[in-house]
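Thanks for coming. Please have a look at it first.

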Amino acid sequence: MSLDGKVAIVTGSGRGLGLAYAQELARQGAAVVVNDVDEATAAAAVASITDAGGRAVAVVAPVGPTETADTLVQTAVDTFGRLDILVTNAGVLRDTVLWKMSDEDFDTVIGVHLRGTFTTVRAAATYMRENQIAGRIITIGSPTGQRGNFGQTNYAAAKAGIVGMVRTWALELKKAGITANAVIPVAATAMTATVPFFAAAVEADAKGEAMPAFFRHDLGFGTAADVAGLIAYLASDEAAGITGQAIGIGGDRLQVWSHPEAATTEYREGGWTYDALIERGADVIGGHLQSVGESFPPLPEDLQR
């Protein structure tokens, strides 16, 4: 098994995508530190791994505080002797439009997603550097962080911030041989189960049936298991040359998201004054406006619910 002898931490791995990641890492030979805020959920996740012949232990704590990050790393080292892989999956949602979003709504999501990613990566990277381990940092982004989504100011900010941090960490950790990447998953989870557009796909997944090809191919929307293989691959030695990337996966689709680049460039001697922009701004800027949000192809009639 390609990850035999490796040790991984997966935050938010009690259920859903995080559990799929933890199970796949264990299937490929890694020992796993499972994390969740609910003790029974964490215990069930550990049991699902150990019952299949894998090795796992749980840390029950909310992600965000430095104390949790330090505990996760220490548990990996104390229980399994080292740490090679970190997957920062823990997250929460507090969706509402901008004018209704409270400070608490914003801070809660930023605290778990963005600060939680920062604190756990800092703790893991510090250990890896001090022990000369060419480790793997795998963070979880979202299409919302790449393109925006109605009602998700907090979530979009956190997920976009995670990708920005990954690009920075790829530079800072390169000399130590530590890679840092963001995975952008699209899958049937508790977060997507309430979206009417995906209802037929979610229903099929709940019944253990194959999702219609429209979802898997046209939308790149699949199961949690469809994402897990990429997590294990990025954790492997074979992915040592991949770092600083945002990689999308879902259903039958694999993508590499581009870094932001200028869509157009214009120069004007003397600079762009207000009067110059009044004269030419509509052409230079307005002629190259970028789209926001995601657009989906029409949902076939037989898949409408």
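A word on the source. This is a predicted model, in which local features need pLDDT of at least 70 and side-chain atom pairs count only at pLDDT 80 or more, while totals for chains, interfaces and linings use all residues. Residues are numbered from 1 along each chain as its sequence is written, and side-chain values use heavy atoms, with hydrogens and water left out.

Helices and strands here are DSSP runs numbered from the N terminus, with at least four residues of H or I for a helix and at least two of E for a strand.

Let me start with the sheet. It is open and mixed, with 8 strands in the order β3-β2-β1-β4-β5-β6-β7-β8. Two strands count as paired if DSSP finds at least two bridges between them. At the edges are β3, residues 56-60, and β8, residues 253-257; each has a single partner strand, so one side of each has no neighbour in the sheet. On average, neighbouring strands are turned by 20° against each other, direction ignored.

Now strand β1, residues 7-11. How many of its residues are buried? The count is 5 of the 5, so β1 is largely enclosed by the rest of the structure. Buried means under 20% relative accessible area, exposed means over 50%, and partly exposed is in between, with a 1.4 Å probe and protein chains only. Val-7, Ile-9 and Thr-11 point one way from β1, and Ala-8 and Val-10 point the other way.

β1 pairs with β2, residues 31-36, in the parallel sense over 4 bridges. Ala-8 has Val-32 in β2 as its bridge partner. Val-32 in turn is bridged to Ala-56 in β3, and β2 and β3 run parallel, joined by 5 bridges.

At the other end of the strand order, β7 and β8 pair in the antiparallel sense, over 5 bridges. The bridge partner of Gly-248 in β8 is Gln-255. These two strands form a hairpin with 2 residues between them, and Gly-251 in the turn has a positive phi of about 60°.

For the angles, axes are lines fitted to C-alpha atoms, for helices over the stretch in contact, and angles run from 0 to 180 degrees between N-to-C directions. Helix α6, residues 153-173, lies across β5, β6 and β7, at about 155° to β6. Helix α9 lies across β4, β5, β6, β7 and β8, at about 175° to β6.

α9, residues 224-234, also meets α1, residues 16-27; their axes come within 8 Å and cross at roughly 50°. That makes α1 oblique to α9. On the scale used, under 35 degrees is roughly parallel, over 145 roughly antiparallel, 65 to 115 roughly perpendicular, and the rest oblique. Contact means heavy atoms within 4.5 Å. Among the residues that meet are Leu-17, Ala-20 and Tyr-21 in α1, and Val-227, Ala-228 and Ile-231 in α9. By class, this contact has 10 nonpolar, 2 polar and 1 charged residues. Nonpolar covers Ala, Val, Leu, Ile, Met, Phe, Trp, Tyr, Cys and Pro; charged covers Asp, Glu, Lys and Arg; the others, Gly among them, count as polar.

α1 has a contact with α2, residues 39-50, as well: the axes come within 10 Å and cross at roughly 30°. α1 and α2 are therefore roughly parallel to each other. Leu-19, Ala-22, Gln-23 and Ala-26 of α1 make this contact with Ala-45, Ser-48 and Ile-49 of α2. Those residues divide into 5 nonpolar, 2 polar and no charged.

Last, the two residues. Asp-36 is in strand β2. Is Asp-36 buried or exposed? Asp-36 is buried, at a relative accessible area of 9%. Leaving aside neighbours within four places in sequence, Asp-36 is in contact with residues including Gly-14, Arg-15 and Thr-41.

Thr-139 sits in strand β5 and is buried, at 0% relative accessibility. Not counting residues up to four places away in sequence, Thr-139 touches Thr-88, Thr-117, Ile-162, Val-166, Trp-169, Asn-181, Ala-182 and Val-183.

That is where I will stop.
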